[in-house]
Every structure is written in structure tokens, then in C-alpha cells.
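Open the model in your viewer and keep the sequence panel beside it. This tour tells you what to select at each stop.

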Amino acid sequence: MSIRFAAARRRTWSPVARALARRARGRAANDNLDGAIVDTDKLLRAALEQFQVHGLGAADHAFAKAERALLSDARDEFEKWHSICRALDRPMADRLAMRQRMLDACA
């Protein structure tokens, strides 16, 4: 039986290491807080209070409140709830922004 030498690979070249490695994400979804509530401390407090009251359904509740405000044409109220929704769930807030643009286009 012959013995064959296999040199160790670098970790960065290993196919297994590359498959298991996680790619770093650019930015978290909640890092770019733009909207009506400019003061991030105030926004964070409002989002945490919303989460305290409604738990995991906090984003859904904020979405519903913002949608109601949008349909009743209460812009300030909409911006407030939209900002809270964005802090809790960015994709859900993006759907709200799309609905706002659709309503503005129809008007």
C-alpha cells in the first residue's frame, strides 16, 4: 500500500468553509430610519411601547393604524404610525408607502 501526501488547504480555499461561511450583510433593515419621527430616541420609545402593548403583533397593529390614518387623510397621524411600523418591520412599512403612492396617484 502506498502513502500519498496531501498538503493542508487554507481555510479560505476550502469548499466546505466557503459553503458554511455567512456573507456579511451591508446594513440591517432597521438602520435607516427615515420618516416623520426624526428623533430616533422618540421613535425607539414609541416602537418599544407599541411592542410592549401588542407583542409580536405590534407591527401589524401599527400597519393597521397607519392604513386607517391614510384612508382618513390624516397625514401627520399616518407619518407617525408609518415610522413606528418601519422601525418594527421594514417590508411591511414599504407596503404602506406603496399604498400611499397609489392613493396619491389616484387623487
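In which helix is the place of Gln50? Select Gln50: the place of this residue is in helix α2. Helices here are DSSP runs of H or I with at least four residues, strands are runs of E with at least two, and both are numbered from the N terminus.

**Before going further**

This is a predicted model, in which local features need pLDDT of at least 70 and side-chain atom pairs count only at pLDDT 80 or more, while totals for chains, interfaces and linings use all residues. Residues are numbered from 1 along each chain as its sequence is written, and side-chain values use heavy atoms, with hydrogens and water left out.

Colour by pLDDT, the predictor's confidence in each residue on a scale from 0 to 100. The mean for the protein chain is 80, and 66% of its residues reach 70 or more. Among the elements, helix α1 (residues 15-20) has the lowest mean pLDDT, 66. Helix α3 (residues 58-71) has the highest, 94. Where pLDDT is low, the predicted coordinates should not be read in detail.

Now switch to cartoon. The protein chain holds 5 helices and 0 strands. From the N terminus on, the order is α-α-α-α-α. Buried residues make up 24% of the 107 residues. Buried means under 20% relative accessible area, exposed over 50%, and partly exposed in between, using a 1.4 Å probe and protein chains only.

**Stop 1**

Return to Gln50. Its relative accessible area is 7%, so Gln50 counts as buried. Show its contacts (heavy atoms within 4.5 Å). Leaving aside neighbours within four places in sequence, Gln50 meets Gly55, Ala58, His61, Ala62, Trp81, Ile84 and Leu88.

Next, select α2 and α4. Two packed helices are described by the angle between their axes and the distance between the axes. Axes are lines fitted to C-alpha atoms, for helices over the stretch in contact, and angles run from 0 to 180 degrees between N-to-C directions. The axes of α2 and α4 come within 9 Å and cross at roughly 75 degrees. That makes α2 roughly perpendicular to α4. Angles under 35 degrees count as roughly parallel, over 145 as roughly antiparallel, 65 to 115 as roughly perpendicular, and the rest as oblique. On the α2 side, the contact uses Leu43, Ala46, Ala47 and Gln50. On the α4 side, pick Trp81, Ser83, Ile84, Ala87 and Leu88.

**Stop 2: the nonpolar core**

Which residues have the most contacts inside the largest nonpolar core? Select Phe78, Ile84, Cys85 and Leu96. This core has 17 residues. At least two residues each come from α2 (40-54), α3, α4 (75-88) and α5 (90-106). Helix α3 gives the most, with 6 residues. A nonpolar core is a set of buried Ala, Val, Leu, Ile, Met, Phe, Trp, Tyr and Cys residues joined through side-chain atoms within 4.5 Å.

Centre on Cys85. Is this residue buried or exposed? Cys85 is buried, because its relative accessible area is 0%. Beyond its neighbours within four places in sequence, Cys85 is in contact with Ala59, Ala62, Phe63, Arg90, Met92, Ala93 and Leu96. Jump to Cys106 for contrast: at 70% relative accessibility, this cysteine counts as exposed. The structure holds 0 disulfides (pairs of cysteine sulfur atoms within 2.5 Å).

**Stop 3: α5 and its partners**

Select α4 and α5. Their axes come within 6 Å and cross at roughly 150 degrees. That makes α4 roughly antiparallel to α5. Among the α4 residues that meet α5 are Arg75, Phe78, His82 and Cys85.

Zoom in on His82, found in helix α4. With a relative accessible area of 6%, His82 is buried. Not counting residues up to four places away in sequence, His82 touches Ala66, Ala93, Leu96 and Ala97.

Helices α3 and α5 pack at an angle of about 10 degrees, with their axes 10 Å apart. That makes α3 roughly parallel to α5. The contact includes Ala59, Phe63 and Leu70 of α3 and Met92, Leu96 and Leu103 of α5.

**Last stop: Asp73**

Select Asp73, in the loop between α3 and α4. Asp73 is exposed, with a relative accessible area of 57%. Check its backbone: phi is positive, about 60 degrees, although Asp73 is not a glycine. Most residues other than glycine have a negative phi.
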